[in-house]
Amino acid sequence: MPELPEVETVRRGLTQLVVGHIIESVEVRWEKIVGLDTAAFNQQIAGRTIEKIDRRGKYLLFRLSGEKTLVSHLRMEGAYYTVPAGTQPGKHDLVTFHLDQAVDLFYRDTRKFGRMKLVANSDVMRVAGLATIGPEPTADTLSLEYMQKEFLHKTAIKPFLLDQSHIAGLGNIYVDETLWQAKIHPLQPANSLNIEQLETLRMCIIQELARATDHHGTTVHSFTTAFGHAGEFQNELQVYGRVGQPCYRCGATLVKIKVAQRGTTFCPVCQILH
DNA sequence: CGAGCCCCCTGGGTGC
DNA sequence: TGCACCCAGGGGGCTC
């Protein structure tokens, strides 16, 4: 499931593979992904050059010629990869971008949850999700002062961190990881954290996402980079996927509960609810 | 405004 | 071997 480190890894791969190419035509094999059929999407996008690829939170932003942006969210299993022109698409290859220089860019999405939308550059920040997105989790953009003002809700910290309007980029895996690192219980109300805990959490989030990005993201289920490689960060995970195994810090058995409909693994000894 | 729930989907796992 | 079920989950949208 792509979170910020995985999306950033995809962005870097795509930058090498498709920037500078012209989109000659497209084929849409599952209309809900794009919200348009092949003819309508083709009419909007054909002839544009891919000038640059940006990222905001978990959104990929393909900057195209003519002041347009293709906003793409991979959701659970969306993936991009390039193949030689003429390659037959597989069952789960839902969109084909026929590029110049005999390259096809495939969008594959087993569960069909991903979405993409072409908008004018001036409308990008009006796209649902981007309109309300919180700051990027870096030292420059996520300040302690912001967190003190933002974390005033009594909502449990886990769903609070999953809400992209507070901080951009965290998903289920990295929320469980950073809460374990900061020794905070996933049900702890966001407004109950003191300033020391907020600063600890802030640094854990910033460092964990940077470290995961350095490792090309986490591969669970199906994530691969645009080059078809798996990430390596799954080997670094401390709690996610380790229910029933010993806590690396205290040795207690990690437990799994449901928090806001999400599977949540934590240490019942290190992460005490206050 | 917030909490809770539904929905979108399919592959993989489990039980019989 | 096969069938019926259940589960995972990001985020938009809905109701209360």
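Across the interface of domain 1 and domain 2 three residue pairs, both members at pLDDT 80 or more, are in polar contact, a term that stands for a pair of N or O atoms within 3.5 Å, where within protein one must be able to donate a hydrogen and the other to accept it, and residues adjacent in sequence count only if both atoms are side-chain atoms. The elements that give two or more residues to the side of domain 1 that touches domain 2 are helix H1 (4-18) and strand S5 (79-84), and H1 gives the most, with eleven residues. Helices (H or I, at least four residues) and strands (E, at least two) are DSSP runs numbered from the N terminus. By class, this side of domain 1 has seven nonpolar, four polar and seven charged residues; Ala, Val, Leu, Ile, Met, Phe, Trp, Tyr, Cys and Pro count as nonpolar, Asp, Glu, Lys and Arg as charged, and the others, Gly among them, as polar.

The model is predicted, with local features requiring pLDDT of at least 70 and side-chain atom pairs counting only at pLDDT 80 or more, while totals for chains, interfaces and linings use all residues. Residues are numbered from 1 along each chain as its sequence is written, chains are lettered from A and ligands numbered from 1 in the order in which they are written, and side-chain values use heavy atoms, with hydrogens and water left out.

The domain assignment of chain A gives domain 1 (4-126) and domain 2 (144-266), with bounds that come from an automatic or database assignment. Their centres, taken over C-alpha atoms, are separated by 29 Å, and 18 residues of domain 1 are in contact (heavy atoms within 4.5 Å) with 19 residues of domain 2. The area buried between the domains is about 1,400 Å², of which carbon and sulfur atoms give 64%; buried area is the accessible area (1.4 Å probe) that two parts lose on being put together, summed over both. Pro5, Glu6 and Thr9 supply 35% of the area that domain 1 buries against domain 2, more than any other three residues.

Around DNA strand B the residues include Trp30, Lys32, Lys91, His92 and Phe113. Of the atoms of DNA strand B within 4 Å of the protein, 70% belong to sugar or phosphate and the rest to bases, while the residues of the nearby surface divide into two nonpolar, five polar and four charged. A polar backbone atom of Arg111 is 3.3 Å from a sugar or linking oxygen of DNA strand B.

| Residue (side chain) | DNA strand (phosphate oxygen) | Distance |
|---|---|---|
| Tyr59 | C | 2.9 Å |
| Asn172 | C | 3.3 Å |
| Lys258 | C | 2.5 Å |
| His153 | B | 2.4 Å |
| Thr155 | B | 2.9 Å |

Gln238 has its place in the loop between helix H7 (195-214) and strand S9 (255-259), where its side chain reaches the backbone oxygen of Glu236 at 2.8 Å. Leaving aside neighbours within four places in sequence, Gln238 is in contact with Glu177, Trp180, Tyr248 and Leu254.

Methods:
Near = heavy atom within 4 Å.
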